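Work through the exercises below with the structure on screen. Try each task before you read its solution.

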Amino acid sequence: MNAPLGNLGRSPRQQFELSIGCVPLRLQMSDAQLFGAASARYAAFTDAAAQPITIALSDGAVLEGAPAEFSYEFEGAALRAFSSGIRFDGVRNQYALDSLLRVLLSWKLLGRRGFLLHAATIVRNGKAYIFTGRSGAGKSTVASLSPEGSVLTDEISLLRREDGVWRAYGTPFWGEFRAAGSNTSAPVAGIFRLLQAAENRVIALRTAAILRVLLPNVLFFSAEAEANRRLLEILSEAATEIPCYELAFRKNATFWEVLPA
Amino acid sequence: MITPAAVFWQKNPALAWREIDDETIIISPNDSVMHELNDTGRFLWKNIDGTKSAAELARLLVENYEVTPDIALFDAQALLEEMSSRKLVVTVPATRGISP
């Protein structure tokens, strides 16, 4: 939903609503150029849900103010979360907006039994296969080897536990694959830590080993102890309930042959 | 080397930690570093509660492992020093007399 708001003596504020991983968001901003860029970038995630989290953007300097429940600064831009709403200050381009949205989502997902993971997600036979690893591990390679339309994301996956089932959602945060992401979800088949090798091979991992795989690849930005305890609780649940494997793979589509159904 | 002093040891309250698969996983929120403990470290970790000195923790080692008091105290102090350097544990002033 795109709509102009009141004119406050400068460009009229505009807003649009989107949903990422069923987290409803409403972005409000005055910068027409940024609004156009953001509307295009998040077009596939446009959604008018009830009670969205309102985010007021400002391209001005980061303002001092009342203590926030959560705050994060990134290259001159700042996120501050208050009980009354969210402020993104110093946002002058799409890159900054994208970065702060990831930070906000990582924090908001704590209350929704979810987390963001550096991972590509591919849907195959109705199930989500999640391929994780650091930059260069092969996330974009896996995405590029997958059929068009099956890639929910090639960079940042969103996982949530809903009604006892872990689901993976697409996100608009893409990597080298340059896909726009897909605003759909699927039940998780498994998480695979990528290792490029001369032959395809999978090895099942134990719970503690899964945590070792997940932790370096989880996007999380709060240094607050309670938030980290909650994150560890969610990750422990995921590590216990989601099958996880190490996947050594050749750079071609034959790796699917060794994945568990 | 840490010397016995009028302090008790407690887990750093800023940490997140869990027992999984008989392993203790500890996360430092400030740097998202994951720490793991060996068997003796796990035993100490379970018993570090802000009410025990290094000597008292060493005594628990003697009661639960086949180890002499001297070696237990050496091991306990070394592990506490290691955990302290990783900011996993902190000291608090002893609230009662510490037995030698």
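**Exercise 1.** Find how many residues of chain B are in contact with chain A, and describe that side of chain B.

Solution. Start with the rule: two residues are in contact if their C-beta atoms, placed from the backbone, lie within 7 Å. By this rule, 14 residues of chain B are in contact with 14 residues of chain A. Next, look for the elements involved. Strand S2 (16-20) and strand S3 (23-28) of chain B each supply at least two residues of the side that touches chain A. Helices (H or I, at least four residues) and strands (E, at least two) are DSSP runs, numbered from the N terminus. Last, sort that side of chain B by residue type: nine nonpolar, two polar and three charged. Here Ala, Val, Leu, Ile, Met, Phe, Trp, Tyr, Cys and Pro count as nonpolar, Asp, Glu, Lys and Arg as charged, and the others, Gly among them, as polar.

A note on the source: this is a predicted model, where local features need pLDDT of at least 70, side-chain atom pairs count only at pLDDT 80 or more, and totals for chains, interfaces and linings use all residues. Residues are numbered from 1 along each chain as its sequence is written, while chains are lettered from A and ligands numbered from 1 in the order in which they are written.

**Exercise 2.** List the buried residues of helix H2 (residues 54-64) of chain B and say where they lie around the axis.

Solution. A residue is buried if 20 or more other C-beta atoms lie within 10 Å of its own, exposed if 12 or fewer, and partly exposed in between; these C-beta atoms are placed from the backbone. The buried ones are B:Ala54, B:Leu57, B:Ala58 and B:Leu61. They cover an arc of only 105° around the axis, which puts them on the same side of H2(B). The arc is that of the directions from the helix axis to the C-beta atoms. Now find their partners: strand S1 (7-11), helix H1 (39-47) and helix H3 (69-85) of chain B.

**Exercise 3.** Compare the buried and exposed residues of helix H1 (residues 32-41) of chain A.

Solution. First, the buried set: A:Leu34, A:Phe35 and A:Ala38. These fall within an arc of 100° seen down the axis, so they line one face of H1(A). The face turned away carries the exposed residues A:Ala32, A:Gly36 and A:Ala40. Finally, the cover over the buried residues of H1(A) includes strand S2 (14-20), strand S3 (23-29) and H2 of chain A.
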